[in-house]
Amino acid sequence: QVQLAESGGGLVRAGGSLRLSCATSGSIFSINSMAWYRQAPGMQRELVAAITSGGSTNYGDSVKGRFTISRDNARNTVYLQMNSLKPEDTAVYYCNAEGMTHEAADFHSWGQGTQVTVSS
């Protein structure tokens, strides 16, 4: 079983920055993709950013140019640097990872989420 744990959320003023981290644990052989999603109250969960093991990235339109996703493959950790935050970025941010365990089983895991609140 693979577990993900997010950290780094909090309250910040508009225009400020936060850095989210997502640590993994468990019997991980390899991770193909890691991503950040977010869900605001009453809204569907949406993709914020994703990164492959090779470093290719993909961003949601609303965060392009403001957020940067990165990963440390040696530590199986993914980060999300969020700059120029806006009130509409307020949401619970979830980490996601897909890969294979040492037992040769595919996994697709989610973290518990971390709250990000941006005040105007």
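Three bridges join strand β9 to strand β11 (residues 114-119), and the two strands run antiparallel. Within this pairing, Tyr 93 has Thr 114 of β11 as its bridge partner. Helices (H or I, at least four residues) and strands (E, at least two) are DSSP runs, numbered from the N terminus, and two strands pair if DSSP finds at least two bridges between them.

The model is predicted, so that local features need pLDDT of at least 70 and side-chain atom pairs count only at pLDDT 80 or more, while totals for chains, interfaces and linings use all residues. Residues are numbered from 1 along each chain as its sequence is written, and side-chain values use heavy atoms, with hydrogens and water left out.

**Strand β9 and its partners**

Strand β9 spans residues 91-101 and is mostly covered, with eight of its 11 residues buried. Here buried means under 20% relative accessible area, exposed means over 50%, and partly exposed lies in between (1.4 Å probe, protein chains only). Strand β4 (residues 28-39) is joined to β9 by 10 bridges, and these two strands run antiparallel. One of the residues in this pairing is Gln 39, whose bridge partner in β9 is Val 92. Strand β10 (residues 106-110) pairs with β9 over five bridges, also in the antiparallel sense. There, Met 100 stands opposite Asp 106 of β10.

The hairpin of β9 and β10 has four residues between its strands, and Ala 104 takes a positive phi near 65° in it. Ala 104 belongs to the loop between β9 and β10 and counts as exposed because its relative accessibility is 57%. A positive phi also occurs at Asn 76, about 50°, although this residue is not a glycine. Asn 76 lies in the loop between β7 and β8.

**The four-stranded sheet**

An open sheet is formed by four strands in the order β1-β3-β8-β7, with antiparallel pairing. Strands β1 (2-7) and β7 (67-72) stand at the edges with a single partner strand each, so one side of each is left without a neighbour in the sheet. From one strand to the next, the twist averages 15°. For such angles, axes are lines fitted to C-alpha atoms (for helices over the stretch in contact), and the angles run from 0 to 180 degrees between N-to-C directions.

Strand β1 is joined to strand β3 (residues 18-26) by six bridges, and the two run antiparallel. Bridge partners in β3 include Ala 23 for Ala 5 and Thr 24 for Leu 4.

**The nonpolar core**

In soluble globular proteins, nonpolar side chains tend to be buried together. A nonpolar core is taken as a set of buried Ala, Val, Leu, Ile, Met, Phe, Trp, Tyr and Cys residues joined through side-chain atoms within 4.5 Å. The largest such core contains 28 residues, of which Trp 36, Leu 80, Met 82 and Tyr 93 touch the most other members. At least two residues of this core come from each of β1, β3, β4, β5 (46-52), β7, β8 (77-82), β9 and β11.

Contact means heavy atoms within 4.5 Å. Leaving aside neighbours within four places in sequence, the contacts of Tyr 93 include Trp 36, Leu 80 and Met 82, together with Glu 6, Leu 20 and Val 116.

Ile 51 is placed in strand β5 and counts as buried because its relative accessibility is 6%. Not counting residues up to four places away in sequence, Ile 51 touches residues including Met 34, Ile 69 and Val 78. Ile 51 and Ser 21 are 30 residues apart in sequence and 14 Å apart in space, C-alpha to C-alpha.

**Charges over rings and an exposed loop residue**

A charge sits over a ring if NZ of Lys or CZ of Arg is within 6 Å of the ring centre and within 35 degrees of the ring normal. Two such arrangements are listed below.

| Charged residue | Ring | Distance to ring centre |
|---|---|---|
| Arg 19 | Tyr 79 | 4.1 Å |
| Arg 45 | Tyr 94 | 3.7 Å |

Ala 74 lies in the loop between β7 and β8, and it counts as exposed because its relative accessibility is 75%. The C-alpha atoms of Ala 74 and Arg 45 are separated by 29 Å, and the two residues are 29 residues apart along the chain.
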